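Visitor: I have a model on the screen. Please show me how to read it.

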Amino acid sequence: MAEGMDFAERIAEDKAIRTHMDKIGRKILVMSGKGGVGKTTVTINLANALVDRGCTVGILDTDLHGPNVAKMLGCEDGILQTEDDGKNFFPVEARPGLKVMSLAFAIPDRDAPIVWRGPMKMAAIRQFLAQADWGTLDYLLIDSPPGTGDEQLTVCQSIPELTGTIIVTTPQEVAILDARRSVNFSRKLQVAILGIVENMSGLICPHCNEEIPLFGIGGGKKMAEDMKVPFLGRIPIEVPFREAEDAGLSYLQAKPGSACSMAIKQIAEIINAGTACSTSRSTDFAGTGTCAPSACASCSSNCSSRKGE
């Protein structure tokens, strides 16, 4: 329970979270065991790919110490609109069909560090979930910081019908080691694992167009096979890809036929198709022994407890 919050306030906050989450189809937590593997890159480009397919998408940036989603989508100057004297607010629209909620919109000084302990971070994330009015969405992608700490735990405990996790890694062994911990975190909390994304999987040379194994190739796929979780695909490095992100532009629209764009679109197609994930989730939400009632319609799993089966 958040500091200074009594039981009745916590129940009211839970109900507010339910009200907003019930309007959203799939809620997906994007994780990485290690920093610097391009987790936010995968999140924003997957969101753009889903929007290009006609889906409505929201991105919740729970990386409170490094909220970069707004910058990478070119909407960092966005202003949160509020109602009911600030009790509810509306995420910023980065483009038609894509909404963003980030602490970056509430920080006047972009260079100011966020010096918060665990309880403050947990309270902030629950406030985002309870007060952000997303409207009706097909997807909510939740970008998280590296690791398996307060932020990821708060999301999983606050959204019992979480569709699943996507785990991002690079092919190199040190990143794979940490990504395995993210897999086991998901299993420990009984959250479905939608799959592994191998990012920075080879560098496409801007001169000869050959692929250079800068961080190696295939490590994420091998890990997925070893741990018996789905492999969603590999995304190579392209120099213009990085340049587009720094400028807040959609690389998928600028270079739709590039290797990076094609890889991301294929991953989005797999996610949108709702193929089987590696585990099903069982929760005690609402006094049941199976998933929350609102979960099955948007769940990607083939678990035996799905309604009507």
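Visitor: How many disulfides does a search of the whole structure find?

Guide: A disulfide is a covalent bond between the sulfur atoms of two cysteines. The search counts a pair of cysteine sulfur atoms within 2.5 Å. Here it finds zero disulfides.

Visitor: C75 and C260: buried or exposed?

Guide: Buried means under 20% relative accessible area, exposed over 50%, partly exposed in between (1.4 Å probe, protein chains only). C75 counts as buried because its relative accessibility is 8%. C260 is buried too, at 0%.

Visitor: What should I know about the model itself?

Guide: It is a predicted model: local features need pLDDT of at least 70, side-chain atom pairs count only at pLDDT 80 or more, and totals for chains, interfaces and linings use all residues. Residues are numbered from 1 along each chain as its sequence is written, and side-chain values use heavy atoms, leaving out hydrogens and water.

Visitor: What does the chain average in pLDDT?

Guide: pLDDT is the predictor's confidence in each residue, from 0 to 100. The chain averages 85, and 87% of the residues score at least 70. Among the elements, strand β2 (residues 57-61) has the highest mean, 98. Strand β3 (residues 81-83) has the lowest, 85. Helices (H or I, at least four residues) and strands (E, at least two) are DSSP runs, numbered from the N terminus.

Visitor: Where does pLDDT stay under 50?

Guide: Where pLDDT is low, the predicted coordinates should not be read in detail. Residues 278-302 stay under 50. The model still gives them 57 contacts beyond four places in sequence (contact means heavy atoms within 4.5 Å). Residues 305-309 are also below 50, with nine contacts beyond near neighbours in sequence.

Visitor: Which residues have the most contacts inside the largest nonpolar core?

Guide: In soluble globular proteins, nonpolar side chains tend to be buried together. A nonpolar core is a set of buried Ala, Val, Leu, Ile, Met, Phe, Trp, Tyr and Cys residues joined through side-chain atoms within 4.5 Å. The largest one here has 42 residues. V57, L73, I166, V197, I235 and I271 have the most contacts inside it. Helix α2 (residues 39-52) gives the most to this core: seven residues. Another core, of 38 residues, lies apart from it and includes A124, I125, F185 and V229.

Visitor: Which residues of helix α8 are buried?

Guide: An α-helix has 3.6 residues a turn, so residues three or four places apart point the same way. In α8 (residues 239-246), F241, A244 and E245 are buried. They lie on the same side of α8 because they cover an arc of only 100 degrees around the axis. The arc is that of the directions from the helix axis to the C-beta atoms. Their cover includes α2, α3 (69-73), α9 (251-254) and α10 (259-273).

Visitor: What does the side chain of S144 reach?

Guide: Find S144 in the loop between β7 (137-143) and α5 (150-158). At 0% relative accessibility, S144 is buried. Its side chain reaches the backbone oxygen of V30 at 2.7 Å. Setting aside residues up to four places away in sequence, S144 also touches others, including K39, D63 and Q152.

Visitor: Q190 and K228 have positive phi. Where do they lie?

Guide: Both have phi near 60 degrees, and neither is glycine. Q190 is in the loop between α6 (173-188) and β9 (193-204). At 41%, Q190 is partly exposed. K228 is in the loop between α7 and β11 (231-237). K228 is exposed, at 67%.

Technical notes: A polar contact is a pair of N or O atoms within 3.5 Å; within protein, one must be able to donate a hydrogen and the other to accept it, and residues adjacent in sequence count only if both atoms are side-chain atoms.
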